[in-house]
Amino acid sequence: MIERSVILLVEDNPDDEALTLRAFSKNNIRNPVVVARNGAEALDYLFARGAYAGRDVADLPQVVLLDLKLPKVEGLEVLRQIRADERTELLPVVILTSSREEQDLVEGYRLGANSYVRKPVNFDEFVEAARQLGLYWLLLNEVPPRRPG
Amino acid sequence: MYCKIIHCLRLPHLRKPCARAAAALQRYGVAAVKPTGPNREAHFRALLEAAPDGVVIADSDGRIVLVNAQTERLFGYERDSLIGRPLTLLMPERFHEAHEEGLRRVAAGGEQRVIGKAVELVGRRKDGAEFPLELSLASAIVDRQRQFTGILRDVTERKADEQRFLDREARFRSVLDAAPDAIVIVDSDGRIVLVNAQTERLFGYARDRLVGQPVEILVPENLQDRHVGHRRDFLAAPRVRSMGEGLDLSGRRADGTEFPIAISLSPVKTAEGALTIAAIRDVTHAKQAEKALRDRETRLRALLEAAPDAVVIANKQGRIELVNAQTERLFGYPRDRLIGQPIEILVPERFQSRHVGHREGYLAEPRVRSMGEGLELYGRRADGSEFPVAISLSPVETAEGALVIAAVRDVTERHRIEREIQELNERLTRDNTELAAVNRELEAFSYSVSHDLRAPLRAIDGFSQALLEDCGGDVGEVGRGYLSRVRRAAQRMGVLIDDLIKLSRVTRADMHLQDVDLSALARRIAQDLKANEPDRMADFEIQGGLAAHGDVRLLQIVLENLMGNAWKFTSGRAPTRIEFGCCRHDDQTAYFIRDNGAGFDMAHADQLFRPFQRLHDAEQFPGTGIGLATVQRIVHKHGGRVWATAVVGKGATFYFTL
């Protein structure tokens, strides 16, 4: 069995977290999921700070699923910092949010989001969205080569 | 020999020509002496010598037989060198022939042309100088011999006097003729005594056709009788009357035409009686110029009176010279209470003294100042009330000195409007600020709704599904039915929230106006609708070439909603007919979408466009009731309106203007 890359889920709502994990498991997505409950925690994980000090920064997740409305550091700011750091600038980031506000869409893409997915109310649709996400970002998508340490 | 002279003097037929000699002798006291006796000759001789005139006696051949002392003096000859010489000696050579001719004629008993008359001749002195002389000649037969007696007087002085007189007269006449006015001198009987050349030109008469005529020949016929009266009045109390004192006078030319004149009259007393000198001037041009000036003034005055502003003209002393009707209305003074008054009568009392200073400053450096320049100014009405004015000033130089023209406008209304505009602007700014705040709140609210309200719904739906999947067996069929209802309700609320967000997005959307091809939009929407339900028998009739000016994205939402509704409410009709076209409504273009669907009860037409209001049951025609509310908001944003007509079961027509 090949080693599966980590999915970083940045989500503050435990219900949405549970539903997302359920949608993954219904689609047989077995990758380990690291959940960050706010923007600051997500950045700590990525840059191996705070609770994640000592983690290998070069060991990037396969994809980041990023909610926008987050406590402490909000989603778009997280995205900005990811793209601002050369270690993470090529990291695939999918915005997964409830918002369909045009301003969020535009700003998200402007800051370099790779995809923008709106969380549907209907769970069946949510499962379908998770399936497609997993298919594309975990199986089809070729990640950039790992940087030398 | 002298007795002969006296004799001839006594001769009755010689009396006249010799009268002068006799008179001359008398003047010397000689006449009183009775010449008698042997002293007679000596006496007469003395007399002769004392005579002031030259006396020459000649025989029939024209030879001198006797001269007196005065003759010697006159001609510069010694007596002896004259006696026996021909008379021609005493005259210039050019007269010799005529003289001898005359002598021969007399000798032949011919006409004695010069005898008995005083004639003027030219004498010649011994030194050759010539001089004018007057000759009185008598002819008599003495001792059967014809003798001529001539009395000669040097008239050089008299001639010079005459010449001077003539010169004076010529000068007088040339002065008269050079005068620019026609000059007519009239005697006390009203007869013309003299006219100058200008009179001839002016009236078209030759001089001799005027002299001696009544002066009325120069007066228009209808005024002639009256003129006689005027003339008599003038003579009764003559005085110098200057040109222009009289009113409109007219002259009459020889050809009967009349022309305007000005006359000055001067009475003159002369030996021949009272004369009147009239100087007459043709004032045709002056009259025309005067009329042109009057016309211009009339026009200007009319203009002035018609001016919408109060126009006040003041002189250098700040006194009002002229105002127009608007001034009377504006300030409430009749004109005659303003003319001559200081301009400050129109200025509020508290500004009056300052105004005098301003006025003098302005005159020191006058310039055109336009309306509204400067500060807030006030006028003062007759009743003391004040009102705001705008004033424009223009300095004008006239013959009577500098004038200032002030145009005064009542700006009460303008001020009021300006204040109103300012208040409105302030209110608008306030409203805009409030509106911006409300918009920001609304945005935050809808963001929050869109994000936060959907998350619990997702949880309700997701965990209901999880319950169904993981514990479906435990809740039984009834339980599973309930969980399905929970899920449907959650999902429906999700749709409602989405529609609500759409509606608010329409409200907040910025308008990007452009020309929009509505027909093309409608055709594309029709295609999409048919593609979704390819099995439906549907007939779209879309009028071509419908265009509007608006926001293309918003207008697309309008057509999508209206055509989507038409499609939805015709779902039971076969075939479906949906029409898009336009018509005139209240002078505006109204677009309409007509269907042959379910229609609705017009009693509820007023609820159509309210959010979440539905006229049909959700089982038959699903929907949130937000579509028409969205349509209405978009149409209102374009400044148009939307309405509908319908018959239940027959169809509906939705109209909108933009």
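Helices (H or I, at least four residues) and strands (E, at least two) are DSSP runs, numbered from the N terminus. This is a predicted model: local features need pLDDT of at least 70, side-chain atom pairs count only at pLDDT 80 or more, and totals for chains, interfaces and linings use all residues. Residues are numbered from 1 along each chain as its sequence is written, and chains are lettered from A and ligands numbered from 1 in the order in which they are written.

**View 1. A302(B) in helix 9 of chain B.** A302(B) sits in helix 9, which covers residues 284–306 of chain B. Is A302(B) buried or exposed? A302(B) counts as exposed because 10 C-beta neighbours lie inside 10 Å. (Buried takes 20 or more other C-beta atoms within 10 Å, exposed 12 or fewer, partly exposed the range in between; C-beta atoms are placed from the backbone.) N324(B) is 22 residues from A302(B) in sequence, and their C-alpha atoms are 9.3 Å apart.

**View 2. Chain A meets chain B.** Here 15 residues of chain A are in contact with 15 residues of chain B. (Contact puts the C-beta atoms of two residues, placed from the backbone, within 7 Å.) On the chain A side, helix 1 (14–26) and helix 5 (123–140) each supply at least two residues. Helix 1 of chain A gives the most, with 4 residues. By class, this side of chain A has 4 nonpolar, 4 polar and 7 charged residues. (Ala, Val, Leu, Ile, Met, Phe, Trp, Tyr, Cys and Pro count as nonpolar; Asp, Glu, Lys and Arg as charged; the others, Gly among them, as polar.)

**View 3. Strands 1 and 2 of chain A.** Strand 1 (residues 7–10) and strand 2 (residues 33–36) of chain A pair in the parallel sense over 4 bridges. (Pairing takes at least two DSSP bridges between two strands.) Which residue of strand 2 is the bridge partner of L9(A)? The partner is V35(A). Between strand 1 and strand 2 of chain A, the chain passes through helix 1, and this β-α-β crossover is right-handed. (With the strands pointing away from the viewer, a right-handed path from the first strand over the helix to the second runs clockwise.)

**View 4. Helices 14 and 15 of chain B.** The axes of helix 14 (residues 552–569) and helix 15 (residues 627–637) of chain B come within 9 Å and cross at roughly 145°. (Axes are lines fitted to C-alpha atoms, for helices over the stretch in contact; angles run from 0 to 180 degrees between N-to-C directions.) The contact includes L554(B) and I557(B) of helix 14, and L628(B) and V631(B) of helix 15. Its residues are 8 nonpolar, 5 polar and 1 charged.

Definitions and conventions:
Pairing = 2+ DSSP bridges.
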